[in-house]
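Subject: A structure for you to explore

Hello,

Here is the structure I promised you. Please open it beside this email and follow along as you read.

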Amino acid sequence: MSTGTSTRVVRETKETKVTVELARGSGAARVDTGLKFFDHMLATFARYAGLELTLHARGDLRHHLMEDVAITLGTAVQRVVPATAARYGERTVPMDDALVQACLDAGGRFYYRGPLKNRLYEHWMRSFCEHSRITLHLRVLRGRDSHHLTEAAFKALGLALRDAMVDSGVVFSMKGSVSLEVT
């Protein structure tokens with residue numbers, strides 16, 4: 001976990017270029033990936049998580065673009081989680097026929113369990129969790145409409161993360177503060 005409140009992360013490969021500016025705040029988002037529904041999901045996530053997000057991304061293939069956005073945004077989220085975060089969040093969101101639950105731990109260890117029906121958004125969730133170092137159990141409780149299921153998942157993830165990022169003033173771990181130095 002980090003003590004920073006804002007960050008900028010840039011990822012550039014032969015396939016993609018992604019720039020993310022992220023801060024804890026109002027939930028305002030400016031997102032441009034060239035994929036309208038994906039932009040909507042990312043802006044929805046930022047709004048529900050209470051994150052100020054500016055994200056610009058371009059890529060050769062939809063898969064590469066979405067994966068690299070997940071990596072870059074996940075890295076940025078990991079950097080803005082307070083060291084004394086409440087850590088845990090759980091939200092269940094209904095959206096028409098869809099009912100999706102997100103249970104997460106922002107304590108610094110990656111694990112993801114889904115699935116979502118859409119394989120690209122399933123892969124996005126896994127990549128995001130890996131790079132944000134979040135444990136996420138995402139359960140589709142009911143629903144058939146892929147749009148509603150995906151949007152309910154992003155809303156539930158955002159709300160659960162908002163709860164987990166509340167600065168509690170204490171470290172929620174029996175280990176106390178964890179320090180890892182790489183030289």
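Let's begin in a loop: Arg-133 sits between H3 and S8. Helices and strands here are DSSP runs (helices are H or I of at least four residues, strands are E of at least two), numbered from the N terminus. Before going on, please note that this is a predicted model, in which local features need pLDDT of at least 70 and side-chain atom pairs count only at pLDDT 80 or more, while totals for chains, interfaces and linings use all residues. Residues are numbered from 1 along each chain as its sequence is written, and side-chain values use heavy atoms, with hydrogens and water left out.

Arg-133 has a phi near 60°, a positive value in a residue other than glycine. Most residues other than glycine have a negative phi, and most peptide bonds are trans. With a relative accessible area of 41%, Arg-133 is partly exposed. On this scale, buried means under 20% relative accessible area, exposed means over 50%, and partly exposed is in between (1.4 Å probe, protein chains only).

You will find Asp-96 in the loop between strand S5 (88-95) and strand S6 (98-105). Its relative accessibility is 64%, so Asp-96 counts as exposed.

Pro-115 belongs to the loop between S7 and H3.

Helix H3 covers residues 119-132, and its 14 residues should span 20 Å at 1.5 Å a residue; the end C-alpha atoms are 20 Å apart, which agrees. The expected span of a helix is 1.5 Å times one less than its number of residues. At the start of H3, a side-chain oxygen of Asn-118 comes within 2.9 Å of the backbone nitrogen of Leu-120. That is a polar contact (a pair of N or O atoms within 3.5 Å; within protein, one must be able to donate a hydrogen and the other to accept it, and residues adjacent in sequence count only if both atoms are side-chain atoms).

The buried residues of H3 include Leu-120, Trp-124, Phe-128 and Cys-129. Among the elements that cover the buried residues of H3 are helix H1 (36-49), H2 and helix H4 (146-164).

Helix H2 (residues 62-80) has 19 residues and reaches 27 Å from its first C-alpha to its last, close to the 27 Å expected. Of those 19 residues, 14 are buried, so H2 is largely enclosed by the rest of the structure.

**Cysteines and a threonine**

How many disulfides does a search of the whole structure find? The search finds zero, where a disulfide is a pair of cysteine sulfur atoms within 2.5 Å. Cys-103 is in no disulfide, and the nearest cysteine sulfur, that of Cys-129, is 12 Å away. Is Cys-129 buried or exposed? At 0% relative accessibility, Cys-129 counts as buried, whereas Cys-103, at 26%, counts as partly exposed.

Thr-135 is in strand S8 (residues 135-142) and counts as buried at 18% relative accessibility. Its side chain reaches the backbone oxygen of Arg-109 at 2.8 Å. Leaving aside residues up to four places away in sequence, Thr-135 touches several residues, including Cys-103, Arg-109 and Tyr-111. A contact means heavy atoms within 4.5 Å.

**The whole chain**

Now zoom out. The protein chain has four helices and eight strands, in the order β-β-β-α-β-α-β-β-β-α-β-α along the sequence. Its C-alpha trace spans about 45 × 40 × 25 Å along the principal axes. With 183 residues, a compact globule would have a radius of gyration near 16 Å, and the chain has 15 Å, which agrees. This radius is taken over C-alpha atoms, and the globule rule is 2.2 Å times the number of residues to the power 0.38. Of the 183 residues, 48% count as buried. Among contacts between residues at least 6 apart in sequence, 76% join residues at least 24 apart.

Enjoy exploring, and write back with any questions!

Best wishes
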